[in-house]
Amino acid sequence: MSATAVLTQTTTAWPTPLSQTRTVAKLHSVTKRYGQTTALDKFSMELRAGEVVALLGPNGAGKTTAVRLLLGLISSDFGSVRVFGRDPRDADARTRIGAMLQITRVPEMLRVREHIDLFRSYYPNPLPAAEVMRIAKLDGFANQMFGQLSGGQKQRTLFGLAVCGNPDLVFLDEPTVGMDIESRRALWDEIRALSAAGKTVLLTTHYLEEADMLAHRIVVINKGRVVCEGTPSEIKHRVSGRRIRCITQLDPEFLASLPSVTDVQQDREAVVILAEHPERVVREILVRDETLHGLEVSAAALEDAFLALTSDSNPAQA
Amino acid sequence: MATQAIAVSAPRPLTLGYYARIFRKETQYEFVRMLRTRAFSLSVIGFPVMFYLLFGTSNRHNMFARYLMPSYSCMGVVSACLFGIGMGIALERAQGWLELKQASPMPRFAYLAAKTISCAAFALVIVAILVTMGVTLGGVTLTVGEAFRLALVVLAGSIPFTAMGLLIALLVPPNAGPGVINLIYLPMSFASGFWMPVTYLPHWLRIITPALPTYHLAQIALHIFGYAQSGSMLVHWEALAGFTLLMLGAAWIIFTRSEAKA
């Protein structure tokens, strides 16, 4: 792999070479409760050196709790949390970690350049400021007060804070929230660059597409438990349905009987069909109903995917 | 290419220079941030200055012009610490910013020290303005030594009220902060002789006055100018030290409890 190639060039400076198989961080059978609600329930996950792992799940699934445990911001009720073989509350471990968290507000009366300068000072071996500006694409607004930035610019600044210490392990908690498509794609490129440089990245997201584009491995989480885990293609295979929406006079029971259809639902005047092979279904219904209109075919929404993954009939839920 | 720039780094031992650098940067940017936050800087510096213009200069050449100089200096340090630390930390905690800092390798002590030093710096600015106004507009005569000792007392005063601000930050929800702090701070400063000597206060107020930390700070500052009530200054220093420990202890208990719960 290309990441390994980069690593072998730089390992001269570091006596313990990182390899793809070395575990960098680990949650083992962790349970975390907040009052009555169980945020994580016997949750286990491993991050291996150099890989990008996406923790994918709906809001309230426990993604942020997992990140906060790995950052040592909270402690688990049961189970063990290890980062670089240490307790994450250990200050030394933190010099090798960068984090981008979901933050409502950052001190607004400091300039972007000043925020980066301050965070760089926290790390013993930071990236040059100019390098951080270039990586996070902050050049256009480095001298502006944080309070004057747009949503996307704020997220890019927070990304800059996460990477400015040249960390080996980077946590990105919902990094592309509030970003326009262009900034989102730019950030994806940067996450790939981190990975190519041998960094380990844990990314939480509720966009299936984002996890698919970036991750070597996806861990799907719901209600504090691992629903399934695997490479993007393995995960997609399990939730590979497409969503067909159209206005038709055909009988829903007939639609459900078509090959590869898994679900049919009425949505106001239209029907929504979930199918493994949408082409075959569309060909069939177009022939059968000449009045059919308003046809849309889209990737199954993540919510649909979760329904599929978490339903009792699903073989993935073993 | 970014690939080469963000290569795996070798760990380097953390030196004293590394920590010194964090402290310097943290303090520098905290002070700049406070100064640019006009709601804070204008009110904290503006109120003692405005009140001195109103009540100090109108009592030109009598004892009040001289009395209000140290007492408003105390008011300045107390309000800088309560609003700067109390409000500052409460807001940064609520907004998630403190959490990002906690996840970074920044030592916790640096965060608190930077805020304390910045508030103390604000207090020194207030002392400098008040002394200048006293000499020029109030007709006050004072020696350089007296001004210097006043500055030192005010600096020392930033420690107990930082501790109190810390406790407030942990107890009071941020949107209720300004109201609660004013409710504590305004009556306390009135009852402690910041506005007039405590002997002018109603009798029932004078009973609770010795229980207030602001009273003890005021007495130490007023002692420099010969306006303290009789008695040893050691008692007042001891009271401030005890108050500091009480506030820090309570803050520590609450903080560790909330951490255990989190």
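Which residue just after H8(B) takes a positive phi? The residue is B:Gly193, with a phi of about 85°. The model is predicted: local features need pLDDT of at least 70, side-chain atom pairs count only at pLDDT 80 or more, and totals for chains, interfaces and linings use all residues. Residues are numbered from 1 along each chain as its sequence is written, while chains are lettered from A and ligands numbered from 1 in the order in which they are written.

Chain B holds 11 helices and zero strands. Helices (H or I, at least four residues) and strands (E, at least two) are DSSP runs, numbered from the N terminus. The C-alpha atoms of chain B fill a box of roughly 70 × 40 × 35 Å along the principal axes. Of its 262 residues, 40% count as buried. A residue is buried if 20 or more other C-beta atoms lie within 10 Å of its own, exposed if 12 or fewer, and partly exposed in between; C-beta atoms are placed from the backbone. In chain B, 82% of the contacts with a separation of 6 or more link residues 24 or more positions apart. Two residues are in contact if their C-beta atoms, placed from the backbone, lie within 7 Å.

Helix H8 of chain B covers residues 177-191. Its 15 residues should span 21 Å at 1.5 Å a residue, and its end C-alpha atoms are 21 Å apart, which agrees. The expected span is 1.5 Å times one less than the number of residues. Buried in H8(B) are B:Gly177, B:Ile181, B:Tyr185, B:Ser189 and B:Ala191. They cover an arc of only 165° around the axis, so they lie on the same side of H8(B). The arc is that of the directions from the helix axis to the C-beta atoms. An α-helix has 3.6 residues a turn, so residues three or four places apart point the same way. On the other side of H8(B), B:Gly179, B:Leu183 and B:Pro187 are exposed. The cover over the buried residues of H8(B) includes helices H4 (63-94), H7 (144-171), H9 (203-208) and H10 (213-224) of chain B.

Chain A has 12 helices and 13 strands. Of its 318 residues, 42% count as buried. Three strands of chain A form an open antiparallel sheet in the order E2-E1-E4. Strands E2 (37-48) and E4 (78-83) of chain A stand at the edges, each with a single partner strand, so one side of each has no neighbour in the sheet. Strands pair if DSSP finds at least two bridges between them. Eight bridges join E1(A), residues 23-34, to E2(A). A:Leu27 stands opposite A:Met45 in E2(A).
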